[in-house]
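Okay, thanks everyone, I'll keep this short.

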Amino acid sequence: MENYIVSARKYRPMTFDTVVGQEALTTTLKNAISSGRLAHAYLFCGPRGVGKTTCARIFAKTINCLSPRENGEACGECESCKAFNEQRSYNIHELDAASNNSVEDIRQLIEQVRIPPQIGKYKVFIIDEVHMLSQAAFNAFLKTLEEPPHHAIFILATTEKHKLLPTILSRCQIYDFNRMSVDNIVYHLKNVADKEGITAEEAALNVIAQKADGGMRDALSIFDQVASFCGNNITYKQTIANLNVLDYDYYFRLTDYFLGGKITECILTFNEILSKGFEGQHFITGLSSHFRNLLVSRDAQTVGLIEASEEVRNKYKEQAQRCTPQFLFRAMKLTNTCDLNYKQSQNKRLLVELTLIETAQLSSDDGASSGLGPTKILKPIFNKQQGGTASAAEAKQANNNPAAPTNTAHEGEATPQPQLNRTAENAPARQTHTPAASSTAARPKSFSIRRPLQEDTTQKPTESQPAQAASVLPQQNKPIDKMSLTVAWRAYAEGLPQEEMALSLQMRNMDIEWKEGDSTFCVIVDNPAIMNELNKKSPLIDGFLRNRLSNSGITMSVRMREATDRQRAFSKVEQLNMMLEQSEPLKKLKEELGLELA
């Protein structure tokens with residue numbers, strides 16, 4: 001126990017060939033040593049734990065080797081190499097600039113630079129975290145860094161190259177170290193596990209590699225942690241339990257629920273994930289990555305972009321064949337929007353649940369339930385009679401006419417609202433030309449906000465066939481609940497055009513009253529203007545909700561907020577409108593001076 005050494009130190013590379021994931025840089029350094037083209041200053045920069053300091057030490061050991069090998073590596077047997085391996089070499093000096101960043105520390109370093117090496121050709125000065133040096137220390141170091149003695153070589157290492165002065169960068173050869181790929185980390189962890197006598201599942205090593213985020217030192221530290229928990233047999237289940245990683249099986253299961261439109265199962269699965277201590281944003285970002293992996297799995301050329309084990313890649317390929325590209329595009333857009341709005345949301349759980357509900361509705365056609373907003377519905381147009389508009393009695397008679405033909409809406413579009421055309425009693429049966437009918441007989445087209453308006457192929461009234469009223473939606477009585485009603489209301493508000501954006505924002509904040517089993521719901525508004533606007537749109541809203549919720553009996557009513565109702569905070573625009581309604585002089589002043597709210 002006393003002699004235990006962590007894997008990050010025990011298996012630290014000692015030669016260029018054992019460095020993992022930096023083949024281009026190690027080859028360049030070996031060639032420079034072999035050809036004798038050594039610079040006086042190097043800058044190694046890159047993320048943490050990718051081998052910057054390790055390569056600096058190997059470089060210092062190799063250039064002082066008394067009998068280097070033909071492949072450019074140090075022999076490891078001469079006096080210089082033995083001194084380096086036993087950490088007693090006087091040719092290598094390391095300075096931690098994070099704690100030794102003053103001018104005095106740099107002056108002491110400059111004094112050591114003047115002394116030539118006792119064994120070997122070069123004295124190497126490795127300054128780690130060089131970006132932590134103070135401004136005065138940088139200035140004191142510039143002259144020595146530009147023109148050092150021939151036996152001195154500086155190797156600067158940093159994780160934040162952008163913090164270095166341009167005068168420092170111009171004096172160094174810059175080597176950018178890459179993040180370790182998941183495959184490279186897994187390969188190295190397998191070698192470490194074999195040397196330690198530990199059996200590990202490849203899926204477990206993949207989880208460790210992804211958790212390390214491109215750092216080999218972090219990967220080895222996590223490997224030691226998991227090995228302490230699992231013993232000599234590292235399994236996937238034990239690894240995700242120890243590291244508190246969300247199992248990818250949840251995402252595969254949720255995608256199956258999305259494809260089947262199983263909203264209840266989606267909500268219950270999300271509740272199970274929350275009960276295990278995972279945050280909603282962590283879940284939604286993982287779901288976005290899952291959809292992205294499914295998308296790239298559809299093409300054999302891009303499947304290699306998935307950083308996972310072969311078993312997991314096969315599962316992605318299998319599930320990707322059951323997902324359409326349109327579904328994946330829209331699902332990625334929904335989850336990305338949820339991720340962006342998560343921090344600003346006051347009810348974060350509801351935001352994620354609404355996203356899951358909308359995603360579960362994406363498998364249907366591009367209609368009102370596609371999760372991307374409601375289908376645009378035009379207002380009903382009533383044909384004018386010779387003496388004026390159609391009466392309410394005639395409209396009721398047309399809606400209740402069981403013999404009226406059924407007009408089929410275009411695929412992906414909402415069913416148009418009932419409209420009233422001229423009846424047979426108001427025109428001769430064999431009249432050859434009817435000006436009023438010819439100008440207004442064609443029913444209005446309904447169109448989707450995501451599709452171009454298609455040509456209306458519905459049969460129009462002819463001379464021998466009088467125009468009749470369009471039929472209403474078929475009777476449907478699908479049960480509804482408060483959540484589905486709220487989602488449908490919000491979908492209608494989000495689908496309003498840009499010129500009605502103010503009304504859209506107000507509708508999203510309105511309170512809705514609804515009792516279980518009742519087909520009528522009540523919307524509470526704060527001023528008469530909004531109440532009149534909603535009453536005008538009542539036929540459109542009722543038609544959209546009936547189509548969205550598959551319930552032909554649902555009806556909206558509107559009332560003003562009373563003193564006993566829960567008060568909400570008003571925006572500045574709403575406060576100004578209320579003041580203008582209550583004060584006629586203020587309204588005139590605003591109109592005369594053309595004042596606008598800043």
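This is a predicted model: local features need pLDDT of at least 70, side-chain atom pairs count only at pLDDT 80 or more; totals for chains, interfaces and linings use all residues.

The protein chain has 598 residues, and 44% of them count as buried. On the secondary structure side, we've got 25 helices and 12 strands. And if you take the contacts with a separation of 6 or more, 73% of them are between residues 24 or more positions apart.

Nonpolar side chains tend to be buried together in soluble globular proteins. Here the largest nonpolar core has 65 residues, and the ones with the most contacts inside it are three phenylalanines, Phe223, Phe258 and Phe283. Helix H10, residues 216-230, gives this core its largest share, eight residues. Then there's a second, separate core of 26 residues, with Ala488, Met507, Phe544 and Leu549 among them.

Leaving out anything up to four places away in sequence, Phe283 touches Leu246, Tyr251, Leu254, Phe270, Ile273, Val352 and Leu356.

Now, a cysteine to click on: is Cys323 buried or exposed? Well, its relative accessible area is 2%, and the cut-off for buried is under 20%, so Cys323 is buried. And this one is in a loop, between helix H15 (310-320) and helix H16 (325-341). Again skipping residues up to four places away in sequence, Cys323 touches Thr255, Leu259, Leu294, Arg298 and Leu328. Ser363 is 40 residues away along the chain, and its C-alpha is 8.8 Å from that of Cys323.

On to helix pairs. You describe two packed helices by the angle between their axes and the distance between the axes. Take H17, residues 348-360, and H20, residues 482-494: their axes come within 12 Å and cross at roughly 80 degrees. So H17 is roughly perpendicular to H20. If you want to see who's touching, it's Glu353, Leu354 and Ile357 from H17 meeting Met483, Val487 and Arg490 from H20. By class, that contact has four nonpolar, no polar and two charged residues.

The other pair is H22 and H23. Which way do H22 and H23 sit relative to each other? Their axes cross at roughly 60 degrees and come within 4 Å, and the two helices are therefore oblique to each other. In this contact, Leu534, Asn535 and Lys536 of H22 meet Ser538, Pro539 and Ile541 of H23. That works out as three nonpolar, two polar and one charged.

S11, residues 520-525, pairs with S12 in the parallel sense over six bridges. For one of those positions, look at Ile524, whose bridge partner in S12 is Arg559.

Notes. Residues are numbered from 1 along each chain as its sequence is written. Side-chain values use heavy atoms; hydrogens and water are left out. Two strands pair if DSSP finds at least two bridges between them. Axes are lines fitted to C-alpha atoms, for helices over the stretch in contact, and angles run from 0 to 180 degrees between N-to-C directions. Angles under 35 degrees count as roughly parallel, over 145 as roughly antiparallel, 65 to 115 as roughly perpendicular and the rest as oblique. Contact means heavy atoms within 4.5 Å. Ala, Val, Leu, Ile, Met, Phe, Trp, Tyr, Cys and Pro count as nonpolar, Asp, Glu, Lys and Arg as charged, and the others, Gly among them, as polar. A nonpolar core is a set of buried Ala, Val, Leu, Ile, Met, Phe, Trp, Tyr and Cys residues joined through side-chain atoms within 4.5 Å. Buried means under 20% relative accessible area, exposed over 50%, partly exposed in between (1.4 Å probe, protein chains only).
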